[in-house]
Amino acid sequence: KFVNLKGVDRVDYITYLSTFDQLHEISRTKKMGEYKKYLISLVEYLYGYILRTRPLFHVDEELEHAQSKALKEWEDGNFPGWTKEASSALINVGARLDLREFNSWEELAALGLDRLKTALIALNLKCGGSLEERAKRLFATKTGGLTAKDLAKKSKSDKDKEQIRQREIVQLEAQVYKLAELVNSQRAATKENIQRRQARTDGEREES
């Protein structure tokens, strides 16, 4: 699932083993639906591994504490990868479009996904979806499909949904950080074993 994430570089297994918990280095703009699915599968795998190898360990208590701490840091703007500086940078990427120059949503669509996204962000509107969905959503603000009252309601609704989405991602990331910490010695041992096998294989090739 990791290699299928958009905008994430493909890495070999040893590199992944060493860096899979460096989630703060992944841009927030890439932390969408597929990223959440990836985190869920990663948490499930690590959680199951710990239950099998350390059945008497109170892993649930550790995860609850980690999530509570993470949410407090997130609310204060201090959680890794979700700092206030990062939030401000995302908020300021929006640039309004003069819709008077466009006569249809098809003309807006010609601007491309990224430009429509920044224009929607500038209006505090939902910025995801297909090219057609974004163009129609933006054009609706010109045609009267959305009144000022509608825009205000939608803006609040979108912000609330975004807060919930971010909160869920932060909780999942907190679990990954804690679980990765708990299996740190096993990670090191696995990495060492793989490197030893690779070295042995290379030696066998040279002998042949």
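The model is predicted: local features need pLDDT of at least 70, side-chain atom pairs count only at pLDDT 80 or more, and totals for chains, interfaces and linings use all residues. Residues are numbered from 1 along each chain as its sequence is written, and side-chain values use heavy atoms, with hydrogens and water left out.

**Exercise 1.** Determine which residues of H3 are buried and where they lie around the axis.

*Solution.* Step 1: helices are DSSP runs of H or I with at least four residues, numbered from the N terminus. H3 spans residues 59-75, 17 residues in total. From first to last C-alpha, H3 reaches 24 Å, close to the 24 Å expected at 1.5 Å a residue (the expected span is 1.5 Å times one less than the number of residues).

Step 1: the buried residues of H3 are Val59, Leu63, Ala66, Gln67, Ala70, Leu71 and Trp74 (buried means under 20% relative accessible area, exposed over 50%, partly exposed in between, with a 1.4 Å probe and protein chains only). Because they cover an arc of only 130° around the axis, they lie on the same side of H3 (the arc is that of the directions from the helix axis to the C-beta atoms).

Step 2: the face turned away from this buried side carries exposed Glu61, Glu64, His65 and Glu75.

**Exercise 2.** Describe the contact of Gln175 and state whether the residue is buried or exposed.

*Solution.* Step 1: Gln175 is located in H8 (residues 148-182). Step 2: with a relative accessible area of 13%, Gln175 is buried. Step 3: leaving aside neighbours within four places in sequence, Gln175 is in contact with Val43, Leu63 and Gln67 (contact means heavy atoms within 4.5 Å).

**Exercise 3.** Identify the residues that Tyr49 touches beyond four places in sequence.

*Solution.* Step 1: Tyr49 belongs to helix H2 and is partly exposed, at a relative accessible area of 24%. Step 2: apart from residues up to four places away in sequence, Tyr49 touches Val183 and Gln186. Step 3: Tyr49 and Val183 are 134 residues apart in sequence, yet 8.8 Å apart in space, C-alpha to C-alpha.

**Exercise 4.** State which elements give two or more residues to the largest nonpolar core.

*Solution.* Step 1: the largest nonpolar core has 30 residues (a core is a set of buried Ala, Val, Leu, Ile, Met, Phe, Trp, Tyr and Cys residues joined through side-chain atoms within 4.5 Å). Step 2: H2, H3 and H8 are the elements that give two or more residues to this core. Step 3: H8 supplies the largest share, nine residues.
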